[in-house]
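Subject: A structure for you to look at

Hi there,

Here is the structure I promised to pass on to you. Please open it next to this email and follow along as you read.

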Amino acid sequence: MTVLVLGGAGYIGSHAVDRLVQKGYDVAVVDNLVTGHRAAVNPKARFYEGDVRDQKFLNDVFDKEDIEGVIHFAAFSVVPESMEKPLKYFDNNTAGMVSLLEVMNKHNVKRIVFSSTAATYGEPKQIPIKETDPQIPTNPYGESKLMMEKIMHWSDQAYGIKFVALRYFNVAGAKEDGSIGEDHHPETHLVPIILQVAAGERKELSIFGDDYPTKDGTNVRDYVHVVDLADAHILALEYLKAGHDSNAFNLGSSTGFSNKEMLEAARKVTGKEIPAKMAPRRAGDPSTLIAASDKAREVLNWQPQFDNVEDIIRTAWNWKQTHPQGYNDRETK
Ligand code: UFG
């Protein structure tokens, strides 16, 4: 039996494919390579280039493969872009989920692990954020993912397709050996941007806002290592295979780091000065996002291996130094 990974050429998907292969699973990958990288996919996985919204293509893949479960990463995930182009997000993300579930149902595949996000909660009323807290997204990206969670819920009711929604907090880092890592075009995330400055590719870091009600005025986020996150997907798949009911879990460390603290940690890890300046707030940034992650630890027996941000940054820095141009498969950066 095969695990089908949709979006398996992306940053998180490629690390999940790699972990699945390492653990002895037979893996097939679907990716349209719009944001993913062919070179990121472990060569032991069979690769199909195509789009989840293309049902003919997807049906062919399901005909060819004997699929025991699906892990779905294929989505756009840039919050500011979603504010400008909401329909792009509802089409690719939300409509993509409808297409996928139809094909799964047709082929009697009844398990899906889904890449959801803390952005489904919106501005939190309390910290740490629990899975039962209200989900009121403040941007189309979070809304598109919340709709996908709801669509899975009703498909479970109607067709018995069981799901696990994994709500990620801030993902960073790379595989320890530096062979795969984060490569977005354009890059918008804090850790890779800090490391671009450390590598001399950018002049300085702009820290977006220092007047938030936090310890040092800058936003606080909860960082989780990409390989720990990948492992949670495998645990979630096994949870569904064991016959458990649909569920949702936060994936975070339950510890918050401010943007200034992340900069200091990166200076320490890289030994570089990393010039930085204060800049205005970025629209839509919540002040503090920290996960309550005990549910994933207790129910899925998730045991993250990377428990401090310096280790997370060190792995990202290793990837950056060994791959200064990332996968080097795009014309422009
Ligand atoms: N930041 C800067 N300067 C930069 C880039 C980022 O100060 O050049 C700040 C942001 O303002 C924010 C923090 O760094 O305070 C983290 O920003 P990221 O863009 O790295 O991550 P976000 O917290 O905005 O979003 C991430 C994912 C989303 C997900 C969210 C949930 O990108 O998809 O986490 O926690 F929804």
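Below is what was found in it, one topic at a time.

Two notes before we start. This is a predicted model, in which local features need pLDDT of at least 70 and side-chain atom pairs count only at pLDDT 80 or more, while totals for chains, interfaces and linings use all residues. Residues are numbered from 1 along each chain as its sequence is written.

**The two domains**

The chain is divided into domain 1 (2–172 + 222–251) and domain 2 (190–221 + 254–322); domain bounds like these come from an automatic or database domain assignment. The C-alpha centres of domain 1 and domain 2 lie 24 Å apart. Their contact takes 27 residues from domain 1 and 25 residues from domain 2, where two residues are in contact if their C-beta atoms, placed from the backbone, lie within 7 Å.

On the side of domain 1 that touches domain 2, the elements giving two or more residues are helix 3 (79–84), strand 7 (170–172), strand 10 (223–225), helix 7 (226–241) and strand 11 (247–251). Helices (H or I, at least four residues) and strands (E, at least two) are DSSP runs, numbered from the N terminus. Helix 7 provides the largest share of that side, five residues. The residues of the side of domain 1 that touches domain 2 divide into 17 nonpolar, five polar and five charged. For these classes, Ala, Val, Leu, Ile, Met, Phe, Trp, Tyr, Cys and Pro count as nonpolar, Asp, Glu, Lys and Arg as charged, and the others, Gly among them, as polar.

**Around the ligand**

Where does the ligand lie relative to the two domains? Domain 1 and domain 2 both give residues to the shell around the ligand, so it lies between them. Of the 21 residues around the ligand, Ala119, His189, Leu190, Phe208 and Asn219 come nearest; a residue is near a molecule or strand if its C-beta atom, placed from the backbone, lies within 6 Å of it. Helix 6 (190–198) and strand 8 (205–208) each supply at least two residues of this shell, and strand 8 gives the most, with four residues. By class, the shell has 10 nonpolar, eight polar and three charged residues.

**Helices that pack together**

Two packed helices are described by the angle between their axes and the distance between the axes. Axes are lines fitted to C-alpha atoms, for helices over the stretch in contact, and angles run from 0 to 180 degrees between N-to-C directions.

Start with helix 6, which packs against helix 8 (residues 259–270) at an angle of about 45°, with their axes 10 Å apart. Helix 6 and helix 8 are therefore oblique to each other; angles under 35 degrees count as roughly parallel, over 145 as roughly antiparallel, 65 to 115 as roughly perpendicular and the rest as oblique. The crossing of helix 6 and helix 8 is right-handed: a crossing is left-handed if the near helix is turned anticlockwise from the far one by less than a right angle, and right-handed if clockwise. Leu190, Val191, Ile194, Leu195 and Ala198 of helix 6 make the contact with Asn259, Met262, Leu263, Ala266 and Thr270 of helix 8. These residues divide into eight nonpolar, two polar and no charged.

Helix 6 also meets helix 10 (residues 309–322); their axes come within 10 Å and cross at roughly 55°. This crossing is right-handed. Here Val191, Pro192 and Leu195 in helix 6 meet Ile313, Ala316, Trp317 and Lys320 in helix 10, and by class the contact has six nonpolar, no polar and one charged residues.

**Backbone details**

Most residues other than glycine have a negative phi, and most peptide bonds are trans. Which peptide bonds are cis here? The bond from isoleucine 127 to proline 128 is cis, with omega near -5°, and proline 128 lies in the loop between strand 5 (111–117) and helix 5 (140–159). A cis peptide bond also joins histidine 185 and proline 186, with omega about -5°; proline 186 is found in the loop between strand 7 and helix 6. Finally, asparagine 108 has a positive phi, near 60°, and lies in the loop between helix 4 (86–106) and strand 5.

Enjoy exploring it!

Best wishes
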